Amino acid sequence: MTEKKNKVFIATSLDGFIADKDQGIEWLNSFPEINEVDTGYEAFISKIDALVMGRTTFETVLNFGIEWPYKKPVFVLSNRLKKVPDELSGSVQLVRGTLDEILKQIHNQGHHNLYIDGGKTIQSFLKEELIDEMVITTIPILLGSGIPLFGELSKPLKFKCIETTLFFDKVVQNRFLRFEN
Ligand SMILES: NC(=O)c1ccc[n+]([C@@H]2O[C@H](COP(=O)([O-])OP(=O)(O)OC[C@H]3O[C@@H](n4cnc5c(N)ncnc54)[C@H](OP(=O)(O)O)[C@@H]3O)[C@@H](O)[C@H]2O)c1
């Protein structure tokens, strides 16, 4: 059977937020020099089959006002959205239901290696123990409040850190694998 993996690649503030209290992400550019180096995003995305993101993250990307940035299929979790913009109908699908149902639908389309994105979305996957790997880039800024990466869990989940990279003595990136024993 094809191996199925759900992976996270995300940047957080030092206090664990992925967006500030106004949903802003400008602080991700606190250290612009980081944009000049390879932080592994392209290598990561080249190995996944599809993205699964929450509606809020989808709308944030739409509001960037740039060309659609993803070449892989994108599945957007939403109970509220009825359709996606016409120009994205070939690359974005709306999905809803339990995570089991959603994953079955995505796997049935041949996508097994998934990039899970969006705070609430990642939290709901973690709650059901469905995240296998997390690459977390920590921007050393304290925001004090905002949208958290992590939330409540059904039980503690262990991870092991298999790689750490320090960029410019400022930004640290850790790769965690789920560690079950
Ligand atoms: N720092 C970073 O690297 C990074 C990365 C990604 C995103 N962000 C930021 O994070 C913020 C978004 O995160 P977020 O926590 O607010 O939300 P999110 O996970 O992007 O979206 C949450 C929404 O997704 C839908 N959803 C989630 N689980 C669902 C399920 N099982 N079934 C159906 N729908 C489901 C719901 O939308 P409905 O109300 O439509 O049902 C829910 O309100 C944005 O500000 C974005 O810019 C930052």
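Which residue takes a positive phi in the hairpin of β9 and β10? The legends below take up this question and other close-up views of the model, which is predicted.

**View 1. The hairpin of β9 and β10.** In this hairpin, which has three residues between the strands, the residue with a positive phi is F168, at a value near 55°. One of the paired positions to look for is F167, whose bridge partner in β10 is V171.

**View 2. Strand β10 beside strand β7.** Strand β10 (residues 171–178) is also joined to strand β7 (residues 133–139), here through six bridges, and these two strands likewise run antiparallel. Within this view, T137 can be found standing opposite Q173, a residue of β10.

**View 3. The largest nonpolar core.** This core has 26 residues, and those with the most contacts inside it are V52, V76, I116, I122 and I131. Two or more of its residues come from each of the strands β1 (5–13), β2 (17–19), β3 (50–54), β4 (74–77) and β6 (113–117), and from each of the helices α3 (99–108) and α4 (119–127). Of these elements, β4 gives the most to the core, with four residues.

**View 4. I122 and its surroundings.** I122, which is found in helix α4, counts as buried because it has 26 C-beta neighbours inside 10 Å, where 20 or more are required. When residues up to four places away in sequence are not counted, I122 touches V8, I116, I131 and L149. Although I122 and L149 are 27 residues apart along the chain, their C-alpha atoms are separated by 7.5 Å.

**View 5. I131 and its contacts.** Leaving aside neighbours within four places in sequence, I131 is in contact with N6, V8, I116, I122, F125, L126 and R178. Among these partners, I116 and I122 also belong, together with I131 itself, to the residues that have the most contacts inside the largest nonpolar core.

**View 6. The shell around the ligand.** The ligand has 27 residues around it, of which G54, T57, R80, G118 and G119 come nearest. At least two residues of this shell are supplied by each of β1, β2, β3, α2 (55–63) and α4. Sorted by class, the shell holds 11 nonpolar residues, 11 polar residues and five charged residues.

Key: Residues numbered from 1 in each chain as written. Predicted model: local features only at pLDDT ≥ 70, side-chain atom pairs only at ≥ 80, totals over all residues. Core = buried A, V, L, I, M, F, W, Y, C linked by C-beta atoms within 7 Å. Buried ≥ 20, exposed ≤ 12 C-beta atoms within 10 Å, placed from the backbone. Contact = placed C-beta atoms within 7 Å. Near = placed C-beta within 6 Å. Nonpolar A, V, L, I, M, F, W, Y, C, P; charged D, E, K, R; others polar. Pairing = 2+ DSSP bridges.
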